[in-house]
Amino acid sequence: MTGGLRRHDGASPQTGPIGDPPAEVVPHQLPTPMGRLVATVERLRREVLEAQAAADGRALVELAKGILIGQLHCTPAAAARQLDLLCRESGTSPLELAADIVNQASRDHVSEIAAAFVERAGTDEEPAEPHSAVSVRLRTAESGMLAADADTQAVAESLLTNALSPLGAVAVAVWTAVPDGSLALAGHAGFPPREAVRWRHVPPGVSTVARLALRERRLVTIARLRREGLPSIGHLQWPDGGRMAVPTGTGGRIHAVLEICWPQPLAPQPPQIERQVEALAELCARTMDDAPPRELVPTEGVLPDVAELIDLAEGLQDPAVVLTPVLDAEGRLGDFRIRYAGSRFVDPVGRPRGDVNGALLLEAYPTAAGESGLFDIIARVHATGEPFRAERMSLTALVDQIPLTTVADISVSRHGSAVLLIWRIEDERARLANILQHAQRLGRIGGFEENLATGETTWNAQLYALHGLPASAPPVRLRELPAHAHPDDSAALDRFLRAVLRHRRPASVNFRLQRSDGITRHIRVVAEPVLDADQRLHAVRGAYQDISAQHWTEVALAATRDQLAHTEAESAERNRLALQLQHAIMPPSPPAIEAPGLRVAVRYRPAETESLVGGDWYDTVVLPSGLIMLSVGDVAGHGIEAATGMVVLRNALRGLAVTGAGPAQLLSWLNTVTHHLAKHVTATAVCGLFDPRTRVMRWARAGHLPPVLLRGGEAAAFPLIEGLLLGALPDVTYVEREVRLEPEDTLLMFTDGLVERRDCSVQDSLGHLVQAAAAGDGDLDGRLDRLLAESRSDTDDDTCVIGIQVG
């Protein structure tokens with residue numbers, strides 16, 4: 001803890017209860033009258049504090065003497081002698097011995113903390129100060145608070161002087177939780193007087209450190225106040241200091257919040273320090289509420305405040321329940337008793353109020369104990385006094401072990417020692433009417449009823465809006481509809497009216513309503529006849545629906561379908577021509593290619609979607625020089641543009657190869673063609689020149705995957721050399737490499753459609769191809785067929801594989 005833990009050695013604290021430092025004495029300077037007055041006031045303040053600390057210590061010693069008198073049945077003088085003898089024999093101070101005697105006699109929370117310190121002695125969790133010092137601090141603080149006689153200001157000063165200053169704290173504030181949700185500064189020590197005046201009242205809803213502890217109902221530690229952004233008393237004096245706040249109370253209710261201030265950031269605290277702070281808060285609560293706990297559930301009669309609350313609940317129009325807390329033997333909240341259920345009480349599952357009146361809340365509604373359930377809400381309101389309200393909250397009750405859930409509006413508030421719970425179960429009829437109203441509004445539906453006997457017609461508000469009429473205008477009767485409709489719809493309306501009014505059967509009709517404001521709406525009317533006891537037509541009821549949006553949507557869809565049919569026909573013809581062009585140059589089953597010193601086999605698999613044509617190409621040609629050019633490539637994209645680009649690049653490479661240039665130069669020229677002559681086209685390619693006489697192959701790549709070499713049952717990809725894809729830049733220089741092939745070697749050149757997958761990288765896919773190629777055997781055609789069959793590619797792209805076997 002910042003500031004460190006100090007042993008309680010009886011020394012007076014260095015900081016007074018107001019937090020002002022002692023007057024500084026400046027050497028070699030004559031004191032002024034005002035300076036002498038300040039020094040005198042400061043000296044008197046220190047003397048008062050020392051006297052208070054000494055008095056608190058004497059009170060603790062006298063309490064221990066009283067315990068010895070009761071246990072030894074001796075006189076006060078004999079008890080004093082016995083206490084002195086025990087001090088000499090044990091080598092402890094009178095304060096430490098007195099604290100141990102009180103701990104053994106009281107067996108309360110303070111004694112439990114001291115015992116815990118004894119158990120941890122010699123372990124890794126050994127505290128920074130002896131347990132005797134802890135006992136002395138807590139018991140001395142207790143004596144001072146008891147002597148304060150419900151004076152909260154004196155309680156705060158005793159807490160800071162005797163218990164918190166040794167922990168490095170510089171100030172303490174005691175906040176009272178007011179029933180209206182506000183906080184009142186009941187006592188303080190260590191804060192400047194003006195600061196205390198500014199913070200004497202915190203309105204409800206203002207987030208502070210104390211409010212956070214009250215809301216969470218637990219000890220809260222703030223390492224650095226500035227970082228949390230929570231305002232609190234003293235935040236101007238110690239903006240970067242640490243804070244601890246712990247709520248405290250009795251009988252399940254939180255009466256106050258104890259807030260402690262440190263001047264520097266607060267390090268994480270060990271559990272024993274937190275227990276000390278909680279014990280001090282408990283002592284503080286006992287001094288603020290000295291009245292003995294009342295029997296909250298008496299066997300006869302009711303408490304006065306509960307009786308008043310019952311009268312209030314009976315006067316409410318909504319079902320109300322009065323609850324009183326039930327405490328266990330240690331004074332902790334265990335449950336709530338249903339003291340009264342109002343005459344308008346409606347149980348969520350239909351039980352009469354006599355079945356729940358007088359029962360425990362968790363017995364009547366066991367599911368209320370769920371996380372963030374009703375019981376937790378009621379306990380929080382009872383503890384903090386802050387009311388709770390919620391709309392459409394789910395309430396669950398068990399009937400024959402079957403959970404039944406209803407929806408209700410909930411209100412929970414604390415009144416004295418009791419809690420008032422009000423719930424309003426949602427009326428099913430009102431809920432359905434509300435749903436119907438919203439449905440009519442969203443569906444642009446208006447309802448009507450026309451009484452044929454009286455001639456009275458009733459519309460709802462939505463129907464007036466559909467007709468564009470004010471609510472004061474007379475409704476339009478069914479027989480008058482043709483006068484408000486488009487002339488072309490007269491025949492359909494006549495058939496509709498005859499069906500409903502003459503033949504007395506339900507009917508519907510769509511027509512164009514011409515409103516008085518010049519707007520035409522497409523309307524559907526649905527009507528049904530209402531017959532009286534003599535089966536005579538008495539009334540007609542039904543609904544109007546504005547279907548204008550649906551009508552125009554259907555018109556747009558019809559036009560779109562026509563356009564799509566035309567577009568699909570054009571696209572099919574376009575793709576058919578592209579496929580014919582592609583298959584003319586790249587047949588799916590090309591014939592075997594014979595070349596001197598080589599056996600070449602090709603496999604070409606178009607994309608799975610027939611309407612897509614790609615830009616993959618392959619080529620094997622014997623040049624006039626006797627060299628054999630081997631190449632594969634892939635134009636980016638699909639469709640006619642990719643197919644025509646493929647034709648341009650393949651034929652260009654054939655023509656350029658006749659010059660006798662090497663593969664790197666050929667790719668450089670082909671890049672120029674791609675960039676300047678074939679606009680908006682990019683492609684990848686591998687080009688190789690094989691010399692049958694020397695079995696040397698020179699090759700270069702332009703953004704394409706390298707060939708794979710199979711030799712002696714092993715496979716490996718050619719080392720990846722530099723080479724930018726075609727068409728990206730106008731001038732690119734490519735690198736070429738030489739590979740000497742051995743007899744029986746097999747070389748695989750392919751496009752990425754053979755290996756590419758969406759769920760893994762290209763390098764991983766290439767590694768899988770190398771493994772598959774090495775695992776296979778058989779002739780060249782069998783190898784290529786197996787590679788195509790076992791391909792893991794999932795991109796639906798064209799696939800081209802060239803297999804070259806050296807003779």
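Leaving aside its neighbours within four places in sequence, which residues is Ala 383 in contact with? Contact means heavy atoms within 4.5 Å. The residues are Arg 217, Gly 252, Arg 253, Ile 254 and Arg 414.

## The model

This is a predicted model: local features need pLDDT of at least 70, side-chain atom pairs count only at pLDDT 80 or more, and totals for chains, interfaces and linings use all residues. Residues are numbered from 1 along each chain as its sequence is written, and side-chain values use heavy atoms, leaving out hydrogens and water.

The protein has 21 helices and 27 strands. Both are DSSP runs numbered from the N terminus: helices are H or I with at least four residues, strands are E with at least two. Of the 807 residues, 43% count as buried. Buried means under 20% relative accessible area, exposed over 50%, and partly exposed in between (1.4 Å probe, protein chains only). Take contacts between residues at least 6 apart in sequence: 60% of them join residues at least 24 apart.

## Around Ala 383

Ala 383 sits in helix H13 (residues 374-384). It counts as buried because its relative accessibility is 3%. Pro 179 is 204 residues away along the chain, yet the two C-alpha atoms are separated by 10.0 Å.

## Two nonpolar cores

A nonpolar core is a set of buried Ala, Val, Leu, Ile, Met, Phe, Trp, Tyr and Cys residues joined through side-chain atoms within 4.5 Å. The largest one has 29 residues. Those with the most contacts inside it include Met 629, Leu 667 and Tyr 734. Several elements each supply at least two residues, among them strand E19 (615-622) and helix H19 (663-677). Helix H18 gives the largest share, eight residues.

A second, separate core has 27 residues.

## A five-stranded sheet

Five strands form an open sheet in the order E13-E12-E16-E15-E14, with antiparallel pairing. Two strands pair if DSSP finds at least two bridges between them. Strands E13 (457-459) and E14 (507-514) stand at the edges with a single partner strand each, so one side of each has no neighbour in the sheet.

E14 and strand E15 (residues 520-531) run antiparallel, joined by eight bridges. In E15, Thr 520 is the bridge partner of Gln 514. Helix H16 (residues 490-502) lies across E14, E15 and strand E16 (537-546), at about 140 degrees to E14. Such angles run from 0 to 180 degrees between N-to-C directions, with axes fitted to C-alpha atoms, for helices over the stretch in contact.
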